[in-house]
Amino acid sequence: MDASMIPLDYATLRLVWWLLLGILLIGFAVMDGFDLGVAALLPWVARSDSERRVVLNVIGPVWEGNQVWLILGGGAIFAAFPALYAVSFSGFYLAMCLILLALILRPVGFKFRSKVADPRWRALWDWALFVGGAVPALVFGVAMGNVLLGVPFHFDADLRPVYSGGFFGLLTPFAVLCGLVSVAMLVTHGAGMLALKTEGAIAGRARRYGSVAAVVAALLFALAGAWVVLGLPGYAVVGALDPAGPSNPLNKQVAIEAGAWLANYKAMPWTALFPLLGIGGALLASALLYGGRAGWAFIASALSIAGIILTEGLTVFPFLLPSSIDPQSSLTLWDASSSHMTLFIMLLAVLVFLPIVLAYTAWVFRVLRGKVGDAGLKQNPNAY
C-alpha cells in the first residue's frame, strides 16, 4: 500500500497512537494495579493463614490476564515509538530489571507458598508477594516522576541514544514523591477490590486501610502538583514543530523554562478537570470505602487513576521523554514515532485484538464474580 492511500494523515496517526498509549497505561494501572495493591496489602489485611489464602485467591486467578496490559503497553511503545523504547529501556535498565525481578516473585510465590505447610515457609512467600506488589508500584511512579524532571540522555550524530545517568540518580525527592503517589493510589485500588470480593474481618481491614490510603494519595498528588506549579521547570519547543515531519529528534530547539509544564492548562483550561478527577476520585473512594460501598469505591479509585495518568500525559504533551542534559534531544510525539505505514498497520492490529482482550477480560470477571471465602477454598482443589 502506498502511503498516499492511508486514510489518516501522519500527524493524526501520531496523535491516535499517543492516545492509545495513554489508554494502555490506564488499562494496566486499573487492571494490574489492583493486583499490585492487593499484594502490597497482604501482610496487613490478613492475620492468619486462612485469611491470607482468601486474599491470594482474590487475585490469583486473574493476575496473569491482567498483566497482558503491561505487555501491550511495552509492545505499543516498541512498535509506535521506537526511539522512546530505545531510550527508556536502556536508561531505566536497572529500574526495569528491579521491576521484572519483583514481578517474577508473583508467580513463584503463588505456586510455592502452599507446597509446604511450615508457617515460616509461607511467611517468606507472603513477604515475597508483598515485594512483588509494592516495589513495581513504587518504581513505576518514580519513572513517571523522572519524565517530568527530564532524563540525562542525548543522541549522537547518528541518532544513537546515549544515557549518562545511573539508577540512584533517578531517586530524587520529587521522583520518590511520585513513587509514593503511585503506591498509595494502587493500594487504594487494591483495597477496593478486597472490600468488594471478601467479607468479614478482611473486608473491614481493607476498607480502613483503603480509606486512609486514598486520602494519602490525594494529598501526595496535590503536593506533587503544587511542586510542579511553584518550582519545577518544564520543557517547551522553541519555534514551529511539524506534526507530520520526519522522526528526527534533533530537528528542533527546546528550552527549559519556569512554568512550561502549565502551558497546556493555560491554552486549554478544561484540562484542569483531569487533576481534579485524580484528587476528587481518591477522596470519593475514601468516603465510599468508609461507608461500605466497595463497588462504587473501586470505580472511584479507577477514575482517580485515570485522572492522575491523564494529568501527567497532558502536562508533558507533546513531549514523551525530555532530556535534562541536552534539551534538543528530547523526544516528542511528533519526532519519535515509527513510519506512517507502520503506525497505520499497527492501528489495524489494535482495532482487531484490543476488543478481543476487552471481551475476554469481561468474560473472566463475569465467570469469577462473587465473594471469595475460606469455605469455598476448602472445596476447591485448585485454590492457592
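The questions and answers below concern a predicted model and its helices, salt bridges, surface and backbone.

This is a predicted model, in which local features need pLDDT of at least 70 and side-chain atom pairs count only at pLDDT 80 or more, while totals for chains, interfaces and linings use all residues. Residues are numbered from 1 along each chain as its sequence is written, and side-chain values use heavy atoms, with hydrogens and water left out.

Q: At roughly what angle do the axes of helix α1 and helix α9 cross?
A: Two packed helices are described by the angle between their axes and the distance between the axes. Helices (H or I, at least four residues) and strands (E, at least two) are DSSP runs, numbered from the N terminus. Axes are lines fitted to C-alpha atoms, for helices over the stretch in contact, and angles run from 0 to 180 degrees between N-to-C directions. The axes of α1 (residues 10-45) and α9 (residues 200-231) come within 10 Å, and they cross at roughly 115°.

Q: Is Asp32 buried or exposed?
A: Asp32 is found in helix α1. Beyond residues up to four places away in sequence, Asp32 touches Gly27, Trp63, Asn66, Gln67 and Arg106. Buried means under 20% relative accessible area, exposed over 50%, and partly exposed in between (1.4 Å probe, protein chains only). Asp32 has a relative accessible area of 0%, so Asp32 is buried.

Q: How many salt bridges does the structure hold?
A: Side chains of opposite charge can pair when their charged atoms come close. A salt bridge is a side-chain nitrogen of Lys or Arg within 4 Å of a carboxyl oxygen of Asp or Glu. The number of salt bridges in the structure is 10.

Q: How many residues apart in sequence are the parts that Arg113 and Asp49 tie together?
A: The side chains of Arg113 and Asp49 meet in a salt bridge (2.7 Å, N to O). Arg113 lies in the loop between α6 (93-112) and α7, and Asp49 lies in helix α2 (residues 49-59), so the parts tied together are apart in sequence by 64 residues.

Q: Which residues are linked with Arg113 in a network of salt bridges?
A: Arg113 counts as buried, at 1% relative accessibility, whereas Asp49 counts as partly exposed, at 29%. Both belong to a network of salt bridges, in which Arg113 is linked with Asp49, Arg52, Arg122 and Asp126.

Q: How far apart are the closest N and O atoms of Arg160 and Asp158?
A: Arg160 forms a salt bridge with Asp156, the closest N and O atoms being 2.8 Å apart. Arg160 also forms a salt bridge with Asp158, and both Arg160 and Asp158 are exposed. For Arg160 and Asp158, the closest N and O atoms are apart by 3.6 Å.

Q: Where is Leu159, a residue with a positive phi?
A: Most residues other than glycine have a negative phi, and most peptide bonds are trans. Phi of Leu159, however, is near 60°. Leu159 counts as partly exposed, at 33% relative accessibility. Its place is in the loop between β1 (153-155) and β2 (161-163).

Q: Which two residues does a cis peptide bond join?
A: One of these residues has its place in the loop between α12 (294-316) and β5 (319-321), namely Pro318. The omega of the cis bond is about 5°, and the residues joined are Phe317 and Pro318.

Q: Which residues is Met185 in contact with, leaving aside neighbours within four places in sequence?
A: Met185 is in helix α8 (residues 173-197) and counts as buried, at 10% relative accessibility. The C-alpha atoms of Met185 and Ser304 are separated by 8.0 Å, although the two residues are 119 residues apart along the chain. The contacts of Met185 are Ala217, Ile305 and Ile308.

Notes
Contact = heavy atoms within 4.5 Å.
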